[in-house]
Amino acid sequence: MDKSEVILDKEIFEVLSSDKRIDILKSLNTRRKTNSELAREFSLQESTMHHHLMKLEETGLIQPVDSKNKWIYYELTAKGDAILNPDKDTRFTILISSLLTYIAAFAAFFTYISIPKLCSKPFDQGILESLMRHLATSPFLSLFVICLIIAIAQTIVLVFYFLKKKNYI
């Protein structure tokens, strides 16, 4: 299920208004569990736990799974997982884009240092003018500088993402 397809309606808000039901969802986020396991975990009667599980199942947040024996396990549905873990896809996207950015920056750096330098004129003018002339005549240096800037920007994005995740900012 796509995260953008989760529709929060009145019934879901009513079901999630109970702290116990939210705790049940968090517990099922770790692994599937039976009614009696959850009742022991939360110190509730099995009939009370069954009532909470039925409410969660009616809204489509959890589903029963037949285990081919006498126990029925409950697990999160895609909808329940999307509500509990809304940034799961975002984290994956940021990490993959960072990896690709760093690979491109390394490739640009390797290309720049391994290509023979065709224009090796001495610094007869000022350093800034010579550097500008070298940037204009060497596309690999320009590529390297651009990739270096992008890698630095990606590092800043990563730092801010993980600082925000840890609630430092």
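Predicted model: local features only at pLDDT ≥ 70, side-chain atom pairs only at ≥ 80, totals over all residues.
The strands of a sheet pair through backbone hydrogen bonds, in either a parallel or an antiparallel manner. In the present model, an open sheet is built from 3 strands in the order β1-β3-β2, and the pairing is antiparallel. Strands β1 (33-34) and β2 (62-66) form the edges, each of them pairing on one side only. Between β2 and β3 (residues 72-76), which run antiparallel, there are 5 bridges. Within this pairing, P64 has Y74 of β3 as its bridge partner.

Most residues other than glycine have a negative phi. The phi of S43, in contrast, is positive, with a value near 55 degrees, although S43 is not glycine. S43 has a relative accessibility of 66% and is therefore classed as exposed, since the exposed class begins over 50%.

Nonpolar side chains are also found at the surface. F92, I96, L99, L100 and I103 form a nonpolar patch there, and together these residues have about 500 Å² of accessible area. One of them, F92, belongs to helix α6 (residues 88-114). The relative accessibility of F92 is 57%, so this residue likewise counts as exposed.

Key
Residues numbered from 1 in each chain as written. Heavy atoms only, no water. Patch = residues over 30% accessible without salt bridge, like charges linked within 9 Å, V, L, I, M, F, W, Y side chains within 5 Å. Areas by Shrake-Rupley, 256 points an atom, 1.4 Å probe, with all protein chains shown as cover. Salt bridge = Lys/Arg side-chain N within 4 Å of Asp/Glu carboxyl O. Helix = DSSP H or I, 4+ residues; strand = E, 2+ residues; numbered from the N terminus. Buried < 20%, exposed > 50% of the residue type's maximum accessible area, 1.4 Å probe, protein only. Pairing = 2+ DSSP bridges.
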